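Morning, everyone. Please have a look at the model on the screen, and then I'll walk you through it.

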Amino acid sequence: MSQFNFVSDLQNALIMDGETRGPAPRWKKKLEASLNGSANTTRSVLSVSYNTSFSGVQPPTKTPGKSSSDAKKKSATTPSKTPGGGDRFIPNRAATNFDLAHFLVKKEAGENSDEENGQPKNGDNNVNNVQASAHKSERQKLIADAAQVGDSKGSRILCYQNKAPAAPESHTNPLKVVYSIKTPISTKSGTRYIPTTSERILDAPDFVNDYYLNLMDWSADNIVSVALGSCVYLWNAGSGNIEQLTEYEEGDYACSLSWIQDGQILAIGNSTGAVELWDCSKVKRLRVMDGHSARVGSLAWNSFLVSSGSRDGTIIHHDVRSREHKVSSLAGHTQEVCGLKWSTDFKYLASGGNDNLVNVWSLASNGVGTATEPLHKFTEHQAAVRALAWCPWQPNVLASGGGTADRCIKFWNVCNGSLIKSVDSKSQVCALLFSRNYKELISAHGFANNQLTIWKYPSMVKQSDLTGHTSRVLQMAMSPDGSTVISAGADETLRLWNCFAPDPLAAKKVASVNSKAKQSVFRQSIR
């Protein structure tokens with residue numbers, strides 16, 4: 001018989017018309033449950049009101065004029081599983097101080113009841129109220145001390161999360177390297193991308209670690225000259241070829257290098273106090289110009305005029321065209337002259353010395369050399385001043401950087417001799433360079449980070465730090481196109497930083513504007 005019952009059930013399940021004999025639908029079950037006894041009805045109503053109390057929905061109420069079918073539909077509505085449609089916020093009962101919570105609630109309730117039931121403060125009643133309140137406050141204080149409540153305003157009554165337990169001493173996090181080491185990939189500076197790693201590193205063995213010397217320069221023909229020990233080398237930045245220019249006898253060495261503005265003439269100031277001129281295209285020394293009694297640590301070119309600063313505190317202008325090369329001598333410093341820079345318009349010469357002075361010399365009336373007395377004498381620095389730089393788009397603005405005891409970068413207006421701005425760089429300032437592609441300034445530093453820092457000018461907001469040198473960065477030079485900076489450190493390495501690469505989009509816009517201007521028939525027709 002069982003097989004016949006199975007066949008009949010199967011046939012009933014496959015019938016498309018009429019009622020099916022399968023299990024009742026879910027809505028029918030809920031409808032029957034809502035129509036059952038008062039106990040079930042009360043329980044369903046309570047469950048709905050419990051859920052809706054959190055979600056902000058009012059429980060269904062009987063409204064006159066509504067049909068019973070509508071009421072049944074409302075009662076059959078399935079309540080939300082979570083109040084307000086979100087997760088429930090369950091406190092951590094293990095970390096909750098219920099005793100403190102009970103004490104504070106009772107305390108506030110007692111104060112409110114006293115205020116509501118307060119009697120007029122007249123005569124004996126007033127005295128009794130004062131005594132009762134004093135006894136109550138004293139009793140609450142004793143309870144608080146016994147319960148170690150302390151400052152109830154700063155203590156937490158409810159705790160919703162426990163702190164993570166501390167790791168054992170022997171435990172090491174395998175991801176510690178990922179989160180603790182700052183990977184120097186790049187820096188997003190405003191809308192400009194600044195690589196913070198050096199593009200290339202060159203070895204510079206025997207590079208002299210002397211703050212007062214200038215042992216590197218980059219020519220307009222893309223050749224870098226650097227003095228290593230007693231030798232002077234030339235590195236072609238385009239081809240990568242290295243050539244030795246000269247080697248001094250034992251005890252002598254090069255103290256300063258400077259290229260002429262156009263051409264392959266290199267001026268070398270040596271330890272004997274002489275200035276040598278070399279034709280690097282022929283690897284030939286052209287002449288030797290003396291005049292100093294101590295080493296020549298700084299050089300600066302102005303067309304056919306080369307200015308040299310020495311440890312004897314003097315500055316000499318040499319005319320390389322004349323047999324009598326000495327044009328004039330300046331005695332504005334009492335100690336070694338370690339910085340010399342002509343302005344971009346060649347109207348002023350700035351000199352910095354170990355006597356913490358910055359002197360500005362104006363061009364002579366005859367156009368050759370400078371006046372014998374300084375135009376301005378700046379004494380605000382508290383250490384030797386070697387870092388000097390002239391602003392390319394503001395020829396009257398001079399930037400100077402002080403040594404370890406000063407650490408400041410200062411900006412001067414040489415027209416009126418005023419201090420424009422002073423910024424504490426937090427470390428020794430060894431060199432300064434203005435960018436020709438952006439309104440920015442780069443500085444080289446010593447202790448403690450031995451970094452190069454790019455600043456936004458004139459706000460002097462730090463844009464990026466270029467790190468990699470393990471000792472102080474003594475020298476900087478800029479490529480002919482102004483996109484790359486080479487730095488020489490006391491760690492005997494030369495590093496190239498592509499930190500001022502021009503924006504390709506801006507270059508395209510300038511090129512398109514220039515091309516349109518050249519192709520314009522209207523412009524070509526005007527004569």
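First, a term: two residues are in contact when they have heavy atoms within 4.5 Å of each other. With that in hand, take contacts in the protein between residues at least 6 apart in sequence: 46% of them join residues at least 24 apart. Keep in mind that this is a predicted model.

Now the overall picture. The protein has 527 residues, and 38% of them are buried. There are nine helices and 30 strands. The accessible surface comes to about 31500 Å². Carbon and sulfur atoms account for 52% of that surface.

On to the inside. How many residues does the largest nonpolar core have? It has 32. The residues with the most contacts inside this core are F207, M216, V232, L245, L266, I268 and I486.

Let me zoom in on I268. Leave aside its neighbours within four places in sequence. I268 is then in contact with V232, L245, Y248, A254, S256 and L257, among others. Its partners also include A274, V275, E276, W278 and L299.

Next, a loop residue. Where is L363? It lies in the loop between β18 (358-362) and β19 (376-378). Buried would need under 20%, and exposed over 50%. Not counting residues up to four places away in sequence, L363 touches N302, W342, F346, K347, G369, T370 and A371. Take F346 from that list. L363 and F346 are 17 residues apart in sequence. In space, they are 7.7 Å apart, C-alpha to C-alpha.

Last stop, the surface. F6, V7 and L10 make a nonpolar patch of about 300 Å². V7 sits in helix α1, which covers residues 2-14. V7 has 40% relative accessibility, so it too counts as partly exposed.

That's my tour. Questions, please.

How values were computed:
Residues are numbered from 1 along each chain as its sequence is written. This is a predicted model: local features need pLDDT of at least 70, side-chain atom pairs count only at pLDDT 80 or more; totals for chains, interfaces and linings use all residues. Side-chain values use heavy atoms; hydrogens and water are left out. A nonpolar core is a set of buried Ala, Val, Leu, Ile, Met, Phe, Trp, Tyr and Cys residues joined through side-chain atoms within 4.5 Å. Buried means under 20% relative accessible area, exposed over 50%, partly exposed in between (1.4 Å probe, protein chains only). Helices (H or I, at least four residues) and strands (E, at least two) are DSSP runs, numbered from the N terminus. Patches are made of residues with over 30% relative accessible area and no salt bridge: like charges are joined within 9 Å, nonpolar side chains (Val, Leu, Ile, Met, Phe, Trp, Tyr) within 5 Å. Accessible areas come from the Shrake-Rupley method with a 1.4 Å probe; for residues, only the protein chains shown count as cover. A salt bridge is a side-chain nitrogen of Lys or Arg within 4 Å of a carboxyl oxygen of Asp or Glu.
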